[in-house]
Every structure is written in structure tokens, then in C-alpha cells.
Amino acid sequence: MPAYSEDQLLLRDTVRSFVADKITPHIETLDAEDTFPAELIAELADLGLFGIPVSEDDGGAGLDLKTTALVVEELARGSAAIAWTLAAHTAYALRPLALYGNDEQKQRCLTDLAEGTRLGGLAAGEPHAGDWHSPHLKTQADGETVLLQGRKGLVTNGSQRGWLLVACREGEEEHVYLVDGQSSGVQAQPGRAKLGLRGADTVFVDFDITLSPADRLADASVLLARARDEGRILAAAVCLGLMEAALIESARYAQERRAFRKPIADFQEIQFKLADMKMAIDAVRGLVFRAVALAQADLPELPTAAASAKLFAAERALEVGKQAVQILGGNGYVSEYPVERMYRDAKVLELIGGPAFAHRSLLARACLAG
Ligand SMILES: Cc1cc2nc3c(=O)[nH]c(=O)nc-3n(C[C@H](O)[C@H](O)[C@H](O)COP(=O)(O)OP(=O)(O)OC[C@H]3O[C@@H](n4cnc5c(N)ncnc54)[C@H](O)[C@@H]3O)c2cc1C
């Protein structure tokens, strides 16, 4: 059975051309300057990529998560930062709103998000506590108004003045609020320099805003778990794209670079490194497909499948990045060649969506439960 439909392959080719024409020529500048590529993002929105898994009635493409993962992977072959911008928008805001927003909330922002006229993000983590499921940020509610004051971060797309979902606590209860990033009570801090994913917008956001109970989304803990799982799947798709790009670059270089009067591609050690990269890509693709299928069928194995896919992908992407640097030798370590950027980009995928221990703990608990 073919892995993708004709339509999915057509879309993949469109994105591949976009990457070749619009992203690859500017990737060194994007990485060096670390500024958010607003114009490129607007062009991607024009292609309809910011609403892939949302119905056409809501301004989306009416496609599925598998197609989203394919697009994210393809973008990541050119820029992991741009791919993650789309992944976070989709998994952390667009999908949670489509799945858990009520009619009025969807009316307010789903079309903006699906058309990409405004970006979305999730403010779950906090400067002094990372666990998404126990937010420290407290709200004060009196039945009619809800006062939200404090800092969240790191938030992807947090300074884009789009729509933010903010996790917080009222007493023992966990809530998620829909917050308009254009409100004066929402102030993003200037972004800090990052090791990788340079160009992605990752910021702390300060809130001092009065909301209403109507801004509260339903099923906070279910919503956050789903956003975490789909975020992990799309993060794994970013890893796939990164690994493929590193393999292509390594294979190209190995055939051009000569040592001891022959291309280094003739050495078995180099060939085996390429083979290991290929195996990693194939294995990660399988895990991504499985996790996507479970998400689309809404099955209870989704959390473990998403954790397996994301952690395995992130660890393999880091290893593939390291081996790509090794294949390019000294050239692999300098910015003239793209693999050092890929290696830096891969590191953060181990952190995004929760650190490695959180994935392993979840998997271990599932094993022990039988
Ligand atoms: C580029 C980027 C984009 C991001 N985007 C978003 C976003 O859009 N929205 C959002 O909400 N967050 C976002 N984050 C935050 C991200 O989710 C967190 O950084 C991640 O979950 C790790 O949490 P932490 O940084 O608080 O680490 P911590 O939880 O503080 O962990 C620090 C270290 O302690 C270890 N540790 C912690 N607890 C335990 C334990 N119980 N047992 C063993 N070891 C433990 C961890 O493994 C880690 O090594 C982003 C982060 C980055 C870097």
C-alpha cells in the first residue's frame, strides 16, 4: 500500500519547491540573524498550510494529521525553525481549539488561525517550573471576571500577537484560557538567543489581563494531554526532515570529498554511517505513522505512541546530526556547511514537548501496568 495518496504527494512536492526556492537560499541568514521570518510565514499561510487539519468551513484545508506531519517534515528539510513554527501553531493552538473550543470560541479565532492570518501558541511551561500539568500561574476568579497575572514561557509564536492558550490554576483546578495576543495586557519579552531553531519565535510572555469565564476552554487536562501528544508527533516529524537533510548533505559530501586518492564514500566506515542514518529515518517514519494513526482513530495508546515516536526521533536526530558532522570532518563544524546547524537544531527536539525522562517515565509506567 503506498504510504501517501497522490494528493499528499502533490502537496509534498509543492512544499519541497517552496523550500528550494524560498527557504534554502536564505537559511544561513535566517540562522545567523535569528529573526522571525514573517514574510516567509505569510507566504506559507497563502499556500494554506496553517489550517491543514481543520475543516474547510472553518477556513482550513479539511485534511488530516498525517498530511500535516508530511508538510512539517518537508519544511524541516529546509528549516527546522519554520517547521516547528507550523507544528506548534497546529498542535498547540489550532487543533486544541478545533477539538475543545465551543462554538463561540471557534467563531472568535479558528478562521484566523486556519488561514494563518494570526499564529497560535500554547503557554503551558513557566520560567521556574516546566511541568505542563501543574501550572503555578494562578488566576483569581469572582464568577464574572478572571484575573490572569504572571509570566509564562518559553512560548513558541508567543510574540506574534496571535491567539494564545494559557494554562493556569484556580485553587486545585487546572484551566486553559483563550487569550488574544493583541490585548494590551499581553506583553512578550524580547526573545533570547538560542543554540538552535534560530528564527523560531520562542519567548516569555507576561500576562496582566482580565478575562471572562467564557474564555475558558473545556477539559483542560484532556486538552493539554492531546496538545502534548500531537506536539510530540509533529516534533518527531521535524526530526524526520532534519535527519533526511543531514543524510542528503552527508551523501553528497562523501562523494565529492577525497582522501587517500578516492572519494570518502568508498570507505566502508562512511557507508555504514549513511546506512545507520537511513535505518534511523525508516524507523522514525514507522513510529510517526503509527502515532498519527492512533491520533486519527482517537485510541488510548496515543500517549505512549507519541512519546515513543518523539523521544526515539529526537535521540536519533541528534545522533544523525553528530554523524553528519563527523562525515564532513572539520568542514562539518563550520557554518559554511549546513550540518552544524542541523546538529544544533536537533538538540532542542529532545527538550520540546517535555524532557526525555518524562517520555521514559510514561513508557515505563505503561510497561509496568501490563
Ligand atoms: C525552543 C523551545 C520551544 C518551546 N515551546 C514551548 C511552547 O510553545 N509552549 C510551552 O508551554 N513550552 C514550550 N517550551 C518549553 C518546553 O516544553 C520545556 O522546556 C520542556 O518541557 C522542558 O521543561 P523545562 O525546560 O522546564 O525543564 P525542567 O522540567 O525544569 O527539567 C530540567 C531538567 O531536570 C530533569 N527533571 C525534571 N524533573 C525530573 C524528574 N521528575 N525526574 C528526573 N529528572 C527530572 C529534566 O530531565 C531536565 O534534564 C519550549 C522550549 C524550547 C526550548
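**Group meeting: a predicted model, from globule to sheet**

Of the 370 residues of this protein, 49% count as buried. Buried here means 20 or more other C-beta atoms within 10 Å of the residue's own, with C-beta atoms placed from the backbone.

Two notes on the source. This is a predicted model: local features need pLDDT of at least 70, side-chain atom pairs count only at pLDDT 80 or more, and totals for chains, interfaces and linings use all residues. Residues are numbered from 1 along each chain as its sequence is written.

Now the overall shape. The C-alpha trace spans about 80 × 50 × 40 Å along its principal axes. The radius of gyration is 21 Å, which agrees with the value near 21 Å for a compact globule of 370 residues. That radius is taken over C-alpha atoms, and the globule rule is 2.2 Å times the number of residues to the power 0.38.

Next, contacts (C-beta atoms, placed from the backbone, within 7 Å). Take those with a separation of 6 or more: residues 24 or more positions apart account for 74% of them.

On to secondary structure. There are eleven helices and nine strands. These are DSSP runs, numbered from the N terminus: helices are H or I, at least four residues, and strands are E, at least two.

Which strands make up the open sheet of four? The order is S2-S3-S7-S6, and the pairing is antiparallel. Pairing takes at least two DSSP bridges between two strands. S2 (139-141) and S6 (186-188) are the edge strands, each pairing on one side only.

Last, S3 (residues 146-156) and S7 (residues 202-211). They pair in the antiparallel sense over nine bridges. Gly150 has Phe207 in S7 as its bridge partner.

Technical notes
Buried ≥ 20, exposed ≤ 12 C-beta atoms within 10 Å, placed from the backbone. Contact = placed C-beta atoms within 7 Å.
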